[in-house]
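Subject: Structure handed over, with notes

Hello,

Here is the structure I said I would pass on. My notes on what turned up in it follow below.

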Amino acid sequence: MLIETPRYTERFGSVRIHGTQRVLELDSGDEEEALLEPAVRKISRQAIAQIEKRMAIVIPIKGEELKLFEGVLSGIPHNCLIIVVSNSQREPVDRYRMERDALEHFCKFTKRPAVIIHQKDRVIAEALKKAGYRSILGEDGLVKDGKAEGMILGILLAKLAGKDYVGFVDADNYMPGAVHEYVENFAAGFTIPESPFVMVRNAWLFKPKILGTDVYFKKWGRVSELTNQHVNSIISAHTHFETEVIKTANAGEHALSMPLASILPFASGFAVEPYELMFIFEQFGGIKPTAYKEVVEKGIDIYQIETRNPHFHKEKGDKHVAEMLLASLAAVYYSSICDEETKKAIRNDLARHKVSPANREPPKPVIYPPIKNVNIDAFREAVKEIIPAVETMFKNSLTAKRK
Ligand code: GDD
């Protein structure tokens, strides 16, 4: 891959927020050449493959069309471990069973490992209790609904498999080639950093919409435009220099190094992506003292890589967008570093988009603690029943045995 080196890096305490990087060539060959020019960086196929061997890709899925899911699977580079966390219905039609069958079929022909679990599996809930991570359990004792909750389970499984990187790809992507690019971008990002604490976020070049008989190549989604604006406004308020550096506040497709994934708390549902940024800025932006000395010493790198493929995904309607906007802006609103002016602007935006009245505060997002204190051996032992021999499964492409 031939990629621009970041033209601009905003430093916020120990956090290095790199400006968006353009991909010049999706594949730049095998040779590990010296830099062609300081402005670009060549990352060989081998370097990308080496990272992919150490990376798990988590696909959260809830009731997506099987054809979309199969397309997404085909786009994940061969060297990555696939982890599917499903919250699809079991009755009257067992959609989870259909997803599991599709995955098994895929693994049989591609001879590659994968794991699939159901978010509401009682064994998973019991395993979490034994491992000391109860906070994502609901009143029924099972893992709560939500994409973020699925992501957390995915990170735990990636950790169990000994992976160094974990990436997230939605199951409702229309373009397998785009999925492939997202993961290659993650891997490319992980070849650059100075620190073990790294996040790579995909920035869409275009998010097209169908308008009548035409395709319109829109640059921003409705939610991301506003969330980026407010996150940037908080950084500006603290640095006293106006910035637009954040372009990926809602990036569903993003990846984390395991050391960073282990210390991040996660917000529930669709607040998850902006909250990751807000937590990092609160803790490591140099505003408040932090207990994480090693992180302060090494810093955190946030890369934002601009995709070449347009992002086509399933449109789920205005109500869905409104829910996402509320959750996303709430994650920014309740940050302890959010200034009063930004809060007011958020309330006004929510009112302007008829999501909630300007005089009402958005509902507080639920925050789950980081997984660093999870007893991973206890978790491994307890999931044995559905994932018979975790090591064997990760090597030999078996999926959870549960019917
Ligand atoms: N495991 C699990 N559990 N998966 C879920 C759940 C759940 O409760 N709810 C949704 N998903 C899956 C969906 O099936 C899909 O694969 C993915 O999570 C994203 O959910 P969508 O409902 O399709 O979200 P979206 O496409 O509108 O928004 C995406 O893009 C936004 C940025 O534009 C999400 O990734 C957002 O988080 C992101 O901010």
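In this predicted model, a polar side-chain atom of Gln119 sits 2.8 Å from a nitrogen atom of the ligand. Glu273 also reaches the ligand through its side chain, with a polar atom 2.9 Å from a ligand oxygen. At Gly146 the backbone takes part instead: one of its polar atoms is 2.7 Å from an oxygen atom of the ligand. On its own the ligand would expose 740 Å², and the protein buries 93% of that area. There are 22 residues around the ligand, and those that come nearest are Glu64, Lys147, Asp170, Lys316 and His320.

Next, the packing of helix H7, which spans residues 222-239.

Helix H11 (residues 318-333) packs against H7 at an angle of about 10°, and the two axes are 9 Å apart. Angles under 35 degrees count as roughly parallel, so H7 and H11 are roughly parallel to each other. On the H7 side the contact is made by Arg222, Val223, Leu226, Thr227, His230, Val231 and Ile234. H11 contributes Asp318, Val321, Met324, Leu325, Ser328, Leu329 and Val332. Sorted by class, this contact has 9 nonpolar, 3 polar and 2 charged residues.

Helix H12 (residues 340-352) also packs against H7, here at an angle of about 170° and with the axes 10 Å apart. The cut-off for roughly antiparallel is an angle over 145 degrees, and H7 and H12 are therefore roughly antiparallel. From H7 the contact uses Leu226, Gln229, His230, Ser233 and Ile234; from H12 it uses Thr342, Ala345, Ile346, Asp349 and Arg352. The class count for this contact is 4 nonpolar, 4 polar and 2 charged residues.

Two points of backbone geometry are left.

His240 has a positive phi of about 65°, although it is not a glycine. His240 is located in the loop between H7 and strand E13 (254-257).

The peptide bond from Glu91 to Pro92 is cis, and its omega is near -5°. Pro92 belongs to the loop between strand E7 (81-86) and helix H3 (95-110).

Regards

Notes: Residues numbered from 1 in each chain as written. Predicted model: local features only at pLDDT ≥ 70, side-chain atom pairs only at ≥ 80, totals over all residues. Heavy atoms only, no water. Axes fitted to C-alpha atoms, helices over the stretch in contact; angles between N-to-C directions. Helix = DSSP H or I, 4+ residues; strand = E, 2+ residues; numbered from the N terminus. Parallel < 35°, antiparallel > 145°, perpendicular 65-115°, else oblique. Contact = heavy atoms within 4.5 Å. Nonpolar A, V, L, I, M, F, W, Y, C, P; charged D, E, K, R; others polar. Near = heavy atom within 4 Å. Polar contact = N/O pair within 3.5 Å; in protein donor to acceptor, adjacent residues only side chain to side chain. Areas by Shrake-Rupley, 256 points an atom, 1.4 Å probe, with all protein chains shown as cover.
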